[in-house]
Amino acid sequence: RDLSSVLSVETQMGLFAELSFMKDVLGPRVGFASSVQGWCGPEKDKQDFSFDTNAIEIKSYITSKGPTVWISSPRQLWSEKPNRYLAAHAISISETGQTLDELSCSIRGQLSENLDALDSFDKKLIDYGFIKEIHAEQSSRFICDRVSIFRVIDGFPRVDPASLSGEITALTYSIDLARCNRFAISQEDCTF
């Protein structure tokens, strides 16, 4: 990957959603150092956050286009962990919003007492493709309008990787979250 290139708006939105979830939801609940340790998004792992009993996939969509998210692999919504979640961020591009640099700086502030976690966070940002010195001035500004969390359980719309023919090597599909309200839960009902 050419790290000097401009990050696409889609890539910026994905990272913004993951960092917003870390700052606003996970960090206050499990601690910021633990959030960084569980952050797997830059590694292109199956889910964006993975903990002992929880797997959390983070998705973003432009608010004005409606709650449709793209799943880029059958494994994204499958995990052996007992608690699986999909957190969908409705995002608007706005001059009054935050940049990736501003958001990452606020997380860095939470990690200032833990140099190992801070170092890990900075490395993961680079692995994601965000380098402050290169991308800070190029970043769009975003506002997270809403976060919806869904419990990924039997019946949730997803493709079972075990049911796929071996000849299928890649699969991308979209989910209309407006039709998934029966799986929606509050942040207070999450086990992480």
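# Exercises on a predicted model

Phe-156 and Phe-183 are both buried. The structure examined in these exercises is a predicted model.

**Exercise 1. Determine the confidence of the model, and identify which elements score lowest and highest.**

Solution. Begin with the chain as a whole: its mean pLDDT is 92, and 96% of the residues score at least 70. Next, consider the individual elements. Confidence is lowest in helix H5 (residues 132-135), where the mean is 73. Confidence is highest in strand S7 (residues 184-185), at 98.

**Exercise 2. Decide whether Ser-20 is buried or exposed, and list its contacts beyond its neighbours within four places in sequence.**

Solution. First, locate the residue: Ser-20 belongs to helix H1 (residues 9-30). Second, apply the cut-off: a residue is buried when its relative accessible area is under 20%. Ser-20 has a value of 5%, and is therefore buried. Third, set aside the neighbours within four places in sequence; Ser-20 is then in contact with Val-25, His-89 and Leu-103.

**Exercise 3. Classify the ring pair of Trp-39 and Tyr-128, and state which parts of the chain the pair ties together.**

Solution. The whole structure holds eight aromatic pairs. In one of them, the ring centres of Trp-39 and Tyr-128 are 6.4 Å apart and the planes meet at 25°. Planes under 30 degrees apart count as stacked, so this pair is stacked. Trp-39 is in the loop between helix H2 (32-38) and strand S1 (49-50), whereas Tyr-128 is in helix H4 (residues 115-128), so the pair ties together parts that are 89 residues apart in sequence. Both Trp-39 and Tyr-128 are buried.

**Exercise 4. Describe the geometry of the pair formed by Phe-156 and Phe-183, and where each residue lies.**

Solution. The centres of the two rings are separated by 5.2 Å, with 70° between the planes, and the pair is edge-to-face. Phe-156 lies in the loop between strand S5 (142-151) and strand S6 (173-176). Phe-183 lies in the loop between S6 and S7. The pair thus links distant parts of the chain, 27 residues apart.

**Exercise 5. Give the volume of the largest pocket and name the element that gives the most to its lining.**

Solution. The volume of the largest pocket is about 760 Å³. Its lining comprises 27 residues, of which Glu-10, Gly-14, Lys-59, Ser-60 and Trp-70 are the closest to the pocket centre. At least two lining residues come from each of H1, strand S2 (54-62) and strand S3 (68-71). H1 gives the most, with eight residues.

Key
Residues numbered from 1 in each chain as written. Predicted model: local features only at pLDDT ≥ 70, side-chain atom pairs only at ≥ 80, totals over all residues. Heavy atoms only, no water. pLDDT = per-residue confidence, 0-100. Helix = DSSP H or I, 4+ residues; strand = E, 2+ residues; numbered from the N terminus. Buried < 20%, exposed > 50% of the residue type's maximum accessible area, 1.4 Å probe, protein only. Contact = heavy atoms within 4.5 Å. Phe/Tyr/Trp six-rings, centres within 6.5 Å; stacked < 30°, edge-to-face > 60°. 1 Å grid on protein atoms, 1.4 Å probe; cavity = no way out; pocket = protein on both sides within 12 Å on 5 of 7 lines; lining within 4 Å. Points joined across faces, edges and corners; volume = space filled by probe spheres on them.
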